[in-house]
Amino acid sequence: MDKRLVTCAKLCTGDFVCDVGTDHGYLPCFMIKENMCKKALACDVAPMPLKSAEEHINREGLSDRIGTVLSDGLDNVPPEGITDVVMAGMGGELIADIIEKAPWLKDAEKHLILQPMTSAPELRTYLSEHGFAVKQEQAVQDGD
């Protein structure tokens, strides 16, 4: 797993992690195997990446602790019990759009780990204007 995702994993603080845009499901599998959370939800908007994640989760023998959800952002994700929401590897404007459509993220019990690949200043502005606070930042160099 790359340094970027390991850093996201290390920033999670709770027992139930939701990985939005999971692709292959590497992050939730890593977190469960490393005892960084007790259960996880792997979500993706596209059926093929979600199928890839399901296959990876099954190969790792973790399907009893990692669920999958086909969802545009968090639209189909039940918020109950989720402690951490990771949105990594997408643009900052898309992350802001996903947050905007999920008002339950403002719950003080929800911890957001956001890793924008582009438009970080726009995401920062959105967060500030909508009552979110950046509590911690971690720079990571991965590749070039």
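These legends accompany close-up views of a predicted model.

**Figure 1. A patch of negative charge on the surface.** Four acidic residues gather here: Glu 93, Asp 97, Glu 100 and Glu 122. Helix α4, residues 92–100, gives the most to the patch, with three residues. Glu 93 belongs to helix α4. Glu 93 has 47% relative accessibility, so it counts as partly exposed.

**Figure 2. Strands β1 and β2 side by side.** Strand β1 covers residues 16–20 and runs parallel to β2. Five bridges join the two strands. Asp 19 stands opposite Ala 42 of β2. Strand β2 spans residues 39–44 and is mostly covered. Five of its six residues are buried. In a regular strand, side chains alternate between the two faces of the sheet.

**Figure 3. Ala 42, a buried residue of β2.** Ala 42 sits in strand β2. Its relative accessibility is 0%, so Ala 42 counts as buried. Ala 42 and Val 86 are 44 residues apart along the chain. Their C-alpha atoms are separated by 9.9 Å.

**Figure 4. Arg 4 and Asp 2 in a salt bridge.** Side chains of opposite charge can pair when their charged atoms come close. A search of the whole structure finds seven salt bridges. One of them joins Arg 4 to Asp 2. The closest N and O atoms of this pair are 3.6 Å apart. How exposed are the two partners? Arg 4 has 23% relative accessibility and counts as partly exposed. Asp 2, at 28%, also counts as partly exposed.

**Figure 5. Lys 38 and Asp 15, a link between two loops.** The side chains of Lys 38 and Asp 15 meet in a salt bridge, at 3.8 Å from N to O. This pair links distant parts of the chain, 23 residues apart. Lys 38 lies in the loop between α2 (26–33) and β2. Asp 15 lies in the loop between α1 (3–11) and β1. Lys 38 has a relative accessible area of 55%; the cut-off for exposed is over 50%, so Lys 38 is exposed. Asp 15 has a relative accessible area of 41% and is partly exposed.

**Figure 6. Glu 137 and Arg 124, a tie to helix α5.** A salt bridge joins the side chains of Glu 137 and Arg 124, with 2.7 Å from N to O. Glu 137 lies in the segment after α5 (120–129), and Arg 124 in helix α5, so the pair ties together parts that are 13 residues apart in sequence. Glu 137, at 55% relative accessibility, counts as exposed. Arg 124, at 42%, counts as partly exposed.

**Figure 7. A network of salt bridges.** Three residues form one network: Asp 72, Asp 75 and Lys 101. Salt bridges that share partners join them.

Figure 8. Gln 136 lies in the segment after α5. Is Gln 136 buried or exposed? Its relative accessibility is 55%, so Gln 136 counts as exposed. Ile 113 is 23 residues away from Gln 136 along the chain. The C-alpha atoms of Gln 136 and Ile 113 are separated by 9.5 Å.

**Figure 9. Ile 32 and Phe 16.** Helix α2 holds Ile 32. Ile 32 has 2% relative accessibility; buried means under 20%, so Ile 32 counts as buried. Ile 32 and Phe 16 are 16 residues apart in sequence. In space, the C-alpha of Ile 32 and that of Phe 16 are 9.8 Å apart.

**Figure 10. Asp 23, with a positive phi.** Most residues other than glycine have a negative phi. Asp 23 is not a glycine, yet its phi is positive, about 55°. Where is Asp 23 found? Asp 23 is in the loop between β1 and α2. At 45% relative accessibility, Asp 23 counts as partly exposed.

**Figure 11. Ser 119, with a positive phi.** Ser 119 is not a glycine either, and its phi is positive, about 55°. Ser 119 lies in the loop between β5 (111–116) and α5. Its relative accessible area is 21%, so Ser 119 is partly exposed.

How values were computed: Residues numbered from 1 in each chain as written. Predicted model: local features only at pLDDT ≥ 70, side-chain atom pairs only at ≥ 80, totals over all residues. Heavy atoms only, no water. Patch = residues over 30% accessible without salt bridge, like charges linked within 9 Å, V, L, I, M, F, W, Y side chains within 5 Å. Areas by Shrake-Rupley, 256 points an atom, 1.4 Å probe, with all protein chains shown as cover. Lys, Arg positive; Asp, Glu negative; His and termini not counted. Charge placed at Lys NZ, Arg CZ, Asp CG, Glu CD. Helix = DSSP H or I, 4+ residues; strand = E, 2+ residues; numbered from the N terminus. Buried < 20%, exposed > 50% of the residue type's maximum accessible area, 1.4 Å probe, protein only. Pairing = 2+ DSSP bridges.
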